[in-house]
Amino acid sequence: QELHVNKILPVSVTDFDSSASVVQTFTSNLGSLNIAINAPISGGNTNWEDGLKKAFSTFDPRDDSEHPDLVVFASDGNPNRPGSNAEDALPPAIVKANEIKSAGTRIIALGIGDNLNVNNLKKISSADAVYTSGFDTLADDLTNLAQELCGGTITSKKLIDVDGNLST
């Protein structure tokens, strides 16, 4: 039997609040990813449009149907920038999300906390791609989401020796 275990696919990290910035471009280095994930400091407003824009700017123009592009969009708030409220800030985020999805990238939204409008998250992803979590269960919920999305897969290839001679 021949076994093949999937390797870690590259991930990028983008931080957003009043504005967004790319913290880590695509890498498979777990140390770099842990540093990038732990680096952002919460604060400011919630600019979904700029977060989506900067996250998508890290994507290369590859055509890889085996490893489709995916944005996991995590937010603990409703959009309020540009503008001062969700009514002004959500439409530009929807436009940007639709551009990303039209380019063949799936968006999964992860709402964290109690004060989220899940319908807003559905508008930038889709009804079947919204997950919610509390801060106290976030680590477990992210683990479950990663297993659901990526799953540990093993491909097995079995060869049958028809003539009974193991050397042929």
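One caution before going on. This is a predicted model. The protein chain averages a pLDDT of 82, and 82% of the residues score at least 70. Which elements sit at the two ends of the confidence scale? Strand β1, residues 2–5, has the lowest mean pLDDT, at 35. Helix α2 has the highest, at 95. Over residues 1–6 the pLDDT is below 50. In the model that stretch still has 15 contacts beyond near neighbours in sequence.

Where is it in the chain? P82 belongs to the loop that links β4, residues 70–75, with α3, residues 86–102. Setting aside residues up to four places away in sequence, P82 touches N47, E49, D88, A89 and P92. Look also at W48. In sequence, W48 and P82 are 34 residues apart. In space, their C-alpha atoms are 8.8 Å apart.

W48 takes us to the aromatics. How many aromatic pairs does the whole structure hold? A search finds four. One of them is W48 with F73, in an edge-to-face arrangement. Their ring centres are 5.3 Å apart, with 80 degrees between the planes. W48 is in helix α2, residues 48–57, and F73 is in strand β4, so this pair ties together parts 25 residues apart in sequence. Are these two residues buried or exposed? Both W48 and F73 are buried.

Next pair: F56 and F59. Why is this one called tilted? The planes meet at 35 degrees, so the pair is tilted; the ring centres are 5.3 Å apart. The cut-offs matter here: under 30 degrees would be stacked, over 60 edge-to-face. F56 has a relative accessible area of 25%, so F56 is partly exposed. F59 has 15%, so F59 is buried.

One more aromatic point. F16, W48 and F73 form one aromatic cluster. F16 brings us to the strands, as β2 covers residues 11–16.

Strand β2 runs antiparallel to β3, residues 20–27, and five bridges join the two. Find V11 on your screens: T27 in β3 stands opposite. The two strands make a hairpin, with three residues between them.

Now the open sheet. What is its strand order? Three strands, β4-β5-β6, with parallel pairing. β4 and β6 are the edge strands, each pairing on one side only. From one strand to the next, the twist averages 20 degrees.

Within that sheet, take β5 and β6. β5 spans residues 106–112 and β6 spans residues 130–133. Four bridges hold this parallel pairing. I112 has S133 in β6 as its bridge partner.

To recap. P82 sits in the loop between β4 and α3. F73, in β4, pairs with W48, in α2.

Conventions. Residues are numbered from 1 along each chain as its sequence is written. This is a predicted model: local features need pLDDT of at least 70, side-chain atom pairs count only at pLDDT 80 or more; totals for chains, interfaces and linings use all residues. Side-chain values use heavy atoms; hydrogens and water are left out. Contact means heavy atoms within 4.5 Å. Two strands pair if DSSP finds at least two bridges between them. Rings of Phe, Tyr and Trp (its six-membered ring) pair if their centres lie within 6.5 Å; planes under 30 degrees apart count as stacked, over 60 as edge-to-face and the rest as tilted. Buried means under 20% relative accessible area, exposed over 50%, partly exposed in between (1.4 Å probe, protein chains only). Axes are lines fitted to C-alpha atoms, for helices over the stretch in contact, and angles run from 0 to 180 degrees between N-to-C directions. pLDDT is the predictor's confidence in each residue, from 0 to 100.
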